[in-house]
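Hi,

Here is the structure I promised to hand over. Have a look at it first, and my notes follow below.

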Amino acid sequence: MSDYSLRVLRPDEHRAANNLFRSSIHVPPVGDDWRYAERAYQPGRVLGAFDDTKMIGTARSFDAEMTVPGGKRPAVAAVTAVGVRADRTRRGVLTALMRRQFEDFVTRGVPLAALYASEPGIYGRFGYGVATRVQKHTVDLRRARLRPGIPANGEIEVVGVDEMFERLPGIFAELPHTRPGMMTRPEYWWPGFERAARTSPQPCLAAIHHGPDGPDGFVVYTVREDRSALEVTTQHVANSAAFAGLWRFLAGVDLVGAVEAFDRPLDEPAELLFTDPGAFVSTEALAGRLWLRLVDVPAALAAREYDGEPVVLDVADPVLEANSGRYLVSPDRVAVTTEPAGLRLDVSALAMLYLGTWSASALAAAGWIEEVEPGAAARADRLFRTEIAAWCGTRF
Ligand SMILES: CC(=O)SCCNC(=O)CCNC(=O)[C@H](O)C(C)(C)COP(=O)(O)OP(=O)(O)OC[C@H]1O[C@@H](n2cnc3c(N)ncnc32)[C@H](O)[C@@H]1OP(=O)(O)O
């Protein structure tokens, strides 16, 4: 291992950390748009690794909350902007940064951490697991027709980029979290979104749906320069009328050939809004998945709700050893136990199970989980199942 040290960066070092990260993902140093990016750096949550006096690695997080099955919103550390100088990789710098972050999360009592990975091979070793799946809808507007009877009870208002940032944070904060995995968007999240919108080569617009009780949904979108498609980057709704109303608006925008909506929940019924489901509306799985880490396994397990018969999980966590152990999980309680294990699994597989995205049986069939007691996987299927697909909907 080479000689380096880690510390929390001062705010006047955040720009250098941002440039190090940008260099690691092969984009030029930050320019005028630092005025947005700067506000995304939460003081005290930005780490730097130093080789003598040179910064060689960085990772940051911001504080948010994530909805878990049952509706509670425990704290989540949203990890992002991780990078190591190209001439200092594969010497354990990322490993040290990850460990330091976990120490901080444990000290502050944050039970969950989450991130979007640049490459799938990096974060499993640190106990993160893929906890949501998403899809993309493509609607061929020249041929798809909306069903006449789809719900409608609101008005659409289109706003430009200035108004978007005055109004969307307040609207988003009031929308219900209808799905496990949804996150709050704190003040350190919005600047990244604002930067993307303001520096977009094509105009970025928001359509807000106003229902009987006020704003109850919105989409953010751009139209490609060749008008071949309108791209929806964000859509959040409180109810089915807002969902249908926004799609009615999108399907009626002039001069564009298609609507492409990215990062949508896996069970979202967009195609059912059209007369011929599946004909001119296609969906495809996308890789924009959230990686989750149960930093405090007993606290995270206790935060969500369950249904069905108890199961004993034997969890291995080589990175945060205090999590390793056997847990009785039941609708009434979660407790450390000495009872024999029903299922044996790594903490990263537990993250895959936690929001209900994969069933225990599927994870066992693919070798992520070992079924020690026959029947335990079927019981865990019911325990961890959710009525609605998990979805985050917030990129960071
Ligand atoms: C949440 C986000 O911000 S995602 C963005 C992540 N950043 C990037 O992709 C930028 C470009 N890449 C980098 O900056 C670096 O290569 C990093 C951050 C991915 C890895 O940093 P390093 O300091 O090289 O990682 P470190 O030396 O601690 O490696 C730990 C282990 O992960 C493995 N690993 C590191 N990078 C990768 C990768 N891209 N794919 C697969 N395995 C990897 C290493 O081989 C090592 O394995 P081992 O423990 O079996 O020996």
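Let me start with the seven-stranded sheet: it is open, runs in the order β1-β2-β3-β4-β5-β14-β6, and its pairing is mixed. (Two strands pair if DSSP finds at least two bridges between them; strands are DSSP runs of E with at least two residues, helices are runs of H or I with at least four, and both are numbered from the N terminus.) At the edges are β1 (5-8) and β6 (129-130), each with a single partner strand, so one side of each has no neighbour in the sheet.

Before I go on, the ground rules. This is a predicted model, where local features need pLDDT of at least 70 and side-chain atom pairs count only at pLDDT 80 or more, while totals for chains, interfaces and linings use all residues. Residue numbers start from 1 along each chain as its sequence is written.

β3 and β4 are antiparallel partners over eight bridges, and R60 has T80 in β4 as its bridge partner. Helix α3 (residues 93-107) packs on the sheet, touching β1, β2, β3, β4 and β5 (112-115), and its direction makes about 35 degrees with that of β3. Contact here means C-beta atoms, placed from the backbone, within 7 Å; axes are lines fitted to C-alpha atoms, for helices over the stretch in contact, with angles from 0 to 180 degrees between N-to-C directions.

Next, helix α1 (residues 14-24). Its buried residues are H14, A17, N18, L20 and F21, where buried means 20 or more other C-beta atoms within 10 Å of the residue's own (exposed is 12 or fewer, partly exposed is in between), again with C-beta atoms placed from the backbone. Why do they sit on the same side of α1? Because they cover an arc of only 160 degrees around the axis, the arc being that of the directions from the helix axis to the C-beta atoms. Their cover includes α2 (34-37), β2 (46-51), β3 (54-65) and β4. After α1 comes H26, with a positive phi near 65 degrees.

Leaving aside residues up to four places away in sequence, A114 touches M66, V76, A78, V79, L290, W291 and L292.

There is also an open sheet of five strands, β17-β16-β15-β18-β19, with mixed pairing. Its edge strands, β17 (334-336) and β19 (369-371), each pair on one side only. From one strand to the next, the twist averages 25 degrees. β18 (residues 343-346) pairs with β19 in the antiparallel sense over three bridges, and L343 stands opposite E371. Helix α8 (residues 347-354) packs on this sheet, touching β15 (311-316), β18 and β19, with its direction at about 105 degrees to that of β18.

Last, the domains. The assignment, whose bounds come from an automatic or database source, gives domain 1 (5-110), domain 2 (134-286) and domain 3 (294-384). The C-alpha centres of domains 1 and 2 lie 30 Å apart, and 15 residues of domain 1 are in contact with 15 of domain 2. On the domain 1 side, β3 supplies the largest share, four residues.

Cheers

Technical notes
Contact = placed C-beta atoms within 7 Å.
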